[in-house]
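Open the model in your viewer and keep the selection panel at hand. The tour takes one chain and then the other.

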Amino acid sequence: MARVFIIDPVCAMEYGHSLNALKYFADLASHHFDEVHMVASQHLPRPADGSDDGVIRFFDFHYDYVLKIDRAPAPLELMHVPGQRLSPEAAATVEFSRFMTAYDIGPEDTLLYPSIDHYSALSLANVVGGLHPHQCPALLVRMIAVMEMTALNMTNPDAFTVVIDRLKGLLNVGLPLSICAETPTFGNVLRQRLGQPVHIVPYFAPGIDPLDIPQDGPITFLSGGSARPDKGFFRLKPIIEGVLTRLDPSQVRFIIQGPPDATFAAHTDYMRWLYSLPNAEILPGQVPYTEIVRSFRDSHVALMPYAQDVYANRGSAMLMEALMFGRLAICQAGTGFADQARLYNAGATCGTEDDFADAIVMFAQKSPEMIREQAALARRYYLEDVDRSCRAWIQAEAA
Amino acid sequence: MFSKKKITPVLGSKPRNTKPRLLFVDHVFHRKTRSFDFLVRIFEQGFDVETKYVDPSLPVDAAQLIDDSEYVVIGQMDFLTPLFIAAGKKVIVVQMYDGSAGLPDTHWQMNRQARYLNFSTTLHGRALSLGCDSMLVRYFTDPASVKPVTDMDTLRGFFWQRLPKSGINLPMVRRMMGDQLSHLHVHTPADDGSVFNEADLEGFDCPVTHSSWFEKQSDFAAVMDNANVFIAPRHAEGIGHAFLEAMARGMVVIAHDLPTHNEYIHNWTNGILFSQGVQSINLRDQMDKVRAISANARLTIERGHKAWVQSHPAMLEFIRTTPAAQMVKHAGLSANIDRIMAAYQQGRDPYEDALNRFSETRQLMASWRDFETEADQAPKNAPADQTDIHVFMGEGNSRPLTGSGWSVIEATHRWAVAQEADMTLPLTRDVAVTGVTLMARALEPCKLTVRLGDTVITSAPVELKETFARIHLPLAKPLRASASDGLKFTLSIDKVPAPHSHDPRSLSFAVKSLNVQTG
């Protein structure tokens, strides 16, 4: 019987992208395997209605220094070695060994990581590295240039190098390991570092239908998500100032998500400036999903002036959600997701704030119908690409 | 010192007794200006509202102010907040920049149990930065209620000289506008008691009309209908109904660059901001820009008004979910609150001095969560300055602590990272410590020793459990501590617990609160 375990030990929150990705890959894998299991963090909250969501809660969480989660009490069997404090790598390794034993993982099984994290990669290498290839389960590892590079007491490049070296070690001894990247840019990086081709499987936001595009009023640009420097929140001022030198405020509109309460006070002057704009709607820092949908419904184009260095290899959930909702995007050039935007003809890519202002002016002069048509085509290209690449990866390994 | 008036509900479709009762405490001045009526009408959609007007220059009569209302909304009478917190009410303060911006930080720190409805972005940020729960609401005039400006061929000004002594007065308008206006209407009643000087009307190169009283609202509207430039009369505003109405009309608003003006006006886009000392503002040579400002002002209000109306349910929910304040019954507390409120009435500096002087009272109100039982034991007739010292170790602690050996702050407590940790509490006076009470736990059972200065105050090591427990340490002989040295506590345990939970951090024991009894 062919079993596949879709594993994400960092999936510890009921919101965000991890749980969606787990379910999406589980659904896709169900076409190729007899049994599909989803395995997440033991801290993943259970559904409020008491229903069984089918997710096995197993792994501990080792990223408290970057991510705050609501921890569940730890079951005794996961408390590592009593009386001994373990490093995150050692703890993750103990957990992964226990997982392999608990589920009697063997060479007929497949382990699929939708977005592997640093300590999962290390623990995987530590445990399966000692196996003979014919004893080892098939390993499908997807990398998105986020949590692989996040390690305690290590810089991102160093942490990434450690992961690459360990995975290379597995490949060198002939273990059945298949790597895929979220973006073509990151795929290139992995190919060069690992010395072998990798698959490309973009981020996918399942279950999102396209929304009708607003026909009345000016073209509206959405700056959603976290109001953080790396997401370009503080580039909005020069961008909007540039737009207002070219267009009248009645010709263009912005919806901007502000910072959460905890950081609002540090940006009061900036927020006062944003609030005084005659053509901007400012959303609170935390909004329910219904409000996120509403903000997409009321807009035409997503604005993504993200930090090029931070997102050099990374994809963006915002871009994919924009595509799924039937919206275009203006993306920072030189990022992993800018290549995808170009591939799907999903909007424009820009370098400087002036370029962003020019692109906004250009889209503001289009009709809503033109934007809708281009977004619908981009959505189709994207869906076809995701479907094709995802099936190709899993099918190749399942075969 | 107060009067009350029952406001008749506008939307009174439900029987009154089905809604929770809400007391709205308003400034007596607003009985005349009706400035908060718009808010009361919103409150009435969810509450049975009674309004009491307070004159802040008169002594506070707490007995008559506090009734059986579950909710208390305080409108621009911020200084009354501790009174209602001490009464255990669900307290919401409506803050205005012009009234609240000058309050010291300690005011917010003391009144964290209240929630804040802020009409100013700037003030909202300040309340948040001081650990308060604040909701930003932005008022916009209904654009349908005013007549839009249609004629922008000439510039016709309106100026209400409310505060001539502030520098925003007719000479400033004359200097700033020069000969650009084709007509100016001046409304003359001054808030600061200044007597209008007709000579100030001279020197303008255009006809100037003036009024001192509008018999009817329509008389005021007629004057505004004839103007297309509005010179805002104050340096800063609470909400700014008048300039927002002017923007709704599409008038070009010229306003001083302070909140709330600069929270609605994007300079030279939908209005014009000036700084004190401005010499001139040139409109006449850029009339296309002036027309754009007019259109953008109207656009701002049209869009903003929709959002304002949509925010009403969230505002009501914010009020409805306000937790009731929790307060200890503590000797001297009520008297100290009275003293703090009385100090407010003497001015800003005496108020800040009082907040500093009664730091224990302030602390007690800010960090109420762990003192349910200790306070009842306070002697009934304790002098006001002999209140105990309370320290809450979790988030929200406003007492400045120095110490070492502690991990990051958590919601209700703080962990020590190793075998020993210390903290020094600042004192505002010399004290004699008669006892200490701790709420503490350890990761696993161990023995705790507590030192105050160099003196061990645990007669024998105390057992710490895995759950928080109250540990009372009476002192056989009072220990004196001076204000210059403060109180230095050192807590140590006999062993560092071995990690046996999922938490990878280095943790040993945790403290929720510390209560120092003084005699």
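**Chain A: charges and fold**

Select chain A and colour the charged side chains: 31 are positive and 46 negative, and the centres of the two sets lie 3 Å apart. Lys and Arg count as positive and Asp and Glu as negative, without His and the chain ends, each charge being placed at NZ of Lys, CZ of Arg, CG of Asp or CD of Glu.

This is a predicted model, in which local features need pLDDT of at least 70 and side-chain atom pairs pLDDT 80 or more, while totals for chains, interfaces and linings use all residues. Residues are numbered from 1 along each chain as its sequence is written, chains are lettered from A and ligands numbered from 1 in the order written, and side-chain values use heavy atoms, leaving out hydrogens and water.

Next, colour by burial. Of the 399 residues in chain A, 56% are buried (under 20% relative accessible area, with a 1.4 Å probe and protein chains only).

**Chain B**

Now select chain B, in cartoon. Its secondary structure comes to 16 helices and 25 strands. How much of chain B is buried? Buried residues make up 55% of its 519 residues.

How values were computed. Helices (H or I, at least four residues) and strands (E, at least two) are DSSP runs, numbered from the N terminus. Buried means under 20% relative accessible area, exposed over 50%, partly exposed in between (1.4 Å probe, protein chains only).
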